[in-house]
Amino acid sequence: MNKKAIFLGGTKGLGLSLAKKAAHLGMKPIILGSSAQEEEVSKDFPDDNEAYTVDLCNMNDVDGAAYGTGSIDYLFWISGVFLKKPLNEVSDFEIRRMTDIHFLGPVTYLRNFLKVQTTPFHLITIASCSSWRLRKNESLYTGLKAAQACFSRNLAEDIAEQLPGSKSLLINPGGLNTPNFWKNENIDTAGFLNPDKVADIIWDHVLNQKTVFQEVQILRKKPVVIGSDPIIKYGPQKPEIPT
């Protein structure tokens with residue numbers, strides 16, 4: 001029977017690249033996202049997928065979210081939106097939306113998933129090097145990414161104890177050439193990382209992981225060289241601090 005992989009936030013960008021790679025590997029991709037059943041979005045999905053609309057800002061929607069049929073082999077936590085703004089200019093709506101999409105919604109989904117999953121699985125969390133990088137006017141975004149990374153590190157042994165044989169992989173990429181993610185910002189993504197190439201790197205680590213937990217940084221070269229391969233580092237990185 002084909003293995004199954006859930007992509008929480010798999011409708012666009014890196015999430016879609018990861019889902020396409022799963023299909024290429026002979027797995028069944030289960031794509032979850034707020035636009036998962038929109039025709040203009042779903043036309044790019046791989047064949048033989050399952051797609052379900054899940055709005056992470058709506059906890060009733062999250063509680064009623066699908067988990068596929070039968071046990072799941074891989075669960076990718078990818079969902080995210082970007083915000084670059086001084087905190088005193090951030091609205092209540094933006095705080096709630098960012099927190100729901102990056103943390104509260106996915107954590108609730110994971111909690112519910114662990115109530116029904118009965119076999120070992122592989123959790124892959126796509127956070128960001130912004131969880132340890134110092135970024136100007138991105139305190140809310142970077143703080144939520146740090147929370148996501150810390151949560152995943154601590155959850156790893158819990159999952160392995162609850163469902164022996166389970167593994168957790170934390171990926172912190174830095175700067176992906178996914179224009180939709182940066183659409184509200186004046187950012188030139190030409191020198192950013194190719195999401196298809198990053199998806200290949202991630203799947204290679206997923207399929208070859210031996211330990212209960214692994215953390216991987218996938219970073220751009222500085223100065224940026226368009227088309228260059230990413231730099232890969234292993235383990236957590238020391239947080240940058242203001243000077």
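Modeller: I take the contact of helix α4 with helix α5, where Glu-94, Ile-95, Met-98, Thr-99, His-102, Phe-103, Val-107, Leu-110 and Leu-114 of α4 meet Leu-140, Tyr-141, Leu-144, Lys-145, Ala-147, Gln-148, Phe-151, Leu-155, Ile-159 and Gln-162 of α5 (contact: heavy atoms within 4.5 Å). By class, these residues are 13 nonpolar, 4 polar and 2 charged (Ala, Val, Leu, Ile, Met, Phe, Trp, Tyr, Cys and Pro count as nonpolar; Asp, Glu, Lys and Arg as charged; the others, Gly among them, as polar). The model is predicted, with pLDDT of at least 70 required for local features and 80 or more for side-chain atom pairs, while totals for chains, interfaces and linings use all residues. Numbering starts from 1 along each chain as its sequence is written, and side-chain values rest on heavy atoms, without hydrogens or water.

Helix α4 covers residues 92-116, and its axis comes within 11 Å of that of α5, with a crossing of roughly 5° (axes are lines fitted to C-alpha atoms, for helices over the stretch in contact, with angles from 0 to 180 degrees between N-to-C directions). The two helices are therefore roughly parallel to each other (under 35 degrees; over 145 is roughly antiparallel, 65 to 115 roughly perpendicular, the rest oblique).

Helix α5, residues 139-162, also lies across β4, β5, β6 and β7 (213-219), and runs at about 170° to β5 (helices, H or I of at least four residues, and strands, E of at least two, are DSSP runs numbered from the N terminus). In the loop that links β5 and α5 sits Asn-137, a non-glycine residue whose phi is positive, near 60°.

Strand β5 (residues 122-126) runs parallel to strand β6 (residues 167-173), and 5 bridges join them (strands pair if DSSP finds at least two bridges between them). Opposite Thr-125 stands Leu-170 of β6.

These strands belong to an open sheet of 8 strands with mixed pairing, ordered β3-β2-β1-β4-β5-β6-β7-β8. From one strand to the next the twist averages 15°.

Another helix that lies across β5 is α1 (residues 13-24), which also lies across β1 (4-8), β2 (28-33) and β4 (74-77), at about 175° to β1.
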